[in-house]
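Here are my notes for someone opening this one for the first time. Have the viewer ready and go through the points in order.

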Amino acid sequence: MTSEVPAYRVWFSAEEIDEFVARTRAVLASGALVPGANNGELEAAFAALVGVRYATAVSSGTAALEIALRCLDLGGVGVLVPANTNFATAEAVVRAGCRPVLYDADLYPDLASIEAARTPDVAGLVVVHIGGYLAPTLPQIAEFCAAHGIRLVEDASHAHGAAWRGRAAGSFGAAAAFSMFATKVLTTGEGGLLVTDDPGVAGLSRRYRDQGKADDGLHNVVFGSAWRMSELHAALGVVQLPGLPVVLERVNTIVERYAMEISHPLVAVPYDPEVRYSGHKFVVTVAAGQRDELRDHLHAHGVRTAKGVYEVPLHRQPALGLSAGPGYPRAERFAAAHLCLPMWKGLTDGEVDRVVDAVNRWPGRR
Ligand SMILES: Cc1ncc(COP(=O)(O)O)c(C=O)c1O
């Protein structure tokens with residue numbers, strides 16, 4: 001019996017494991033687990049990847065986003081957040097003391113919905129590169145923000161190495177947050193990276209991550225927290241960066257194959273040849289009400305599907321206490337209509353064949 005095609009796997013090469021073990025030994029032998037050489041290497045390599053001047057390694061993507069909002073001084077004002085995103089995006093906005101203002105969004109942020117949701121106190125906007133997909137309207141969104149004095153912050157938690165026309169995720173806004181959580185394309189188990197071109201934001205972020213402490217030991221400027229990344233975590237990130245170009249090439253080959261070879265008339269495949277994808281997720285959509293049928297069909301044919309991005313929009317997350325407002329039809333439609341096909345760097349050509357074949361054989365309903 002053939003084995004199932006997994007939705008994704010976390011996998012490290014033998015070289016990455018050897019290098020990580022060597023770095024771990026060196027850190028343990030030195031006794032210096034506090035942010036040091038590995039943090040510095042990770043930050044320098046990641047800033048270079050994004051094409052910005054500064055990166056700050058922190059304890060999570062959520063922390064990176066909260067620190068970015070705090071560094072941009074957005075506490076007490078309205079910050080636009082997409083209705084379709086991870087709970088963590090809104091959580092960071094709330095914890096930074098901002099007032100979350102939802103705008104309608106599906107896989108992509110929608111400029112008309114952003115304009116419609118904007119209230120007089122809005123001074124910040126978060127866009128989320130869901131699954132590592134970059135919206136073709138990002139330049140227009142950045143222009144809109146510039147025209148209205150709104151600070152643009154990217155939640156690039158899924159978008160390591162993604163780019164639109166050669167411009168990297170994380171380089172469109174005043175600051176961006178990446179997650180290095182266990183399931184991400186680049187991972188430190190737990191961790192995050194804040195990137196920016198602004199030396200003021202970069203300097204403050206380093207202060208925030210270490211309890212707001214100044215060099216002289218005074219906590220006199222900002223109210224920070226324990227948002228540091230340990231050297232052991234940073235070492236795991238460092239060892240994966242040299243292999244990232246090969247990973248990106250492979251996942252983009254898989255994305256292209258899915259986009260070209262899935263030919264089912266009832267299955268839509270969002271794909272933009274101008275985008276280099278991170279390969280965090282691969283999304284397809286069907287008519288509302290048929291998603292579970294496609295999922296069951298794929299499972300019955302040995303193809304596992306990954307968790308959606310996202311199946312419950314933020315206005316239906318009770319802990320946030322956000323009202324359903326004017327309604328968020330894009331987010332609702334997307335939540336009920338999308339599915340994430342298998343996607344990770346180790347997917348074989350034969351497994352891609354099996355996924356394509358299973359999707360194309362779905363009976364569907366017109
Ligand atoms: C869109 C988005 N933003 C933020 C986060 C938070 O990242 P972390 O779990 O590293 O705090 C996640 C986590 O998966 C995410 O998916």
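1. A term to begin with: a polar contact is a pair of N or O atoms within 3.5 Å; within protein, one must be able to donate a hydrogen and the other to accept it, and residues adjacent in sequence count only if both atoms are side-chain atoms. With that in hand, look at Tyr 310: an N or O atom of its side chain is 2.9 Å from an oxygen atom of the ligand. Ser 179 has a polar side-chain atom 2.6 Å from a ligand oxygen, and Ser 157 has one 3.2 Å from a ligand nitrogen.

2. Some background on the model. It is predicted, so local features need pLDDT of at least 70 and side-chain atom pairs count only at pLDDT 80 or more, while totals for chains, interfaces and linings use all residues. Residues are numbered from 1 along each chain as its sequence is written, and side-chain values use heavy atoms, with hydrogens and water left out.

3. Now the surroundings. The ligand has 16 residues around it (a heavy atom within 4 Å counts as near). The closest are Thr 62, Asp 155, His 158, Ser 179 and Lys 184.

4. What about Ala 226? Find it in the loop between α7 (199-209) and α8 (231-240) (helices are DSSP runs of H or I, at least four residues, numbered from the N terminus). Ala 226 and Gly 212 are 14 residues apart in sequence, and their C-alpha atoms are 9.0 Å apart in space.

Definitions and conventions. Helices (H or I, at least four residues) and strands (E, at least two) are DSSP runs, numbered from the N terminus.
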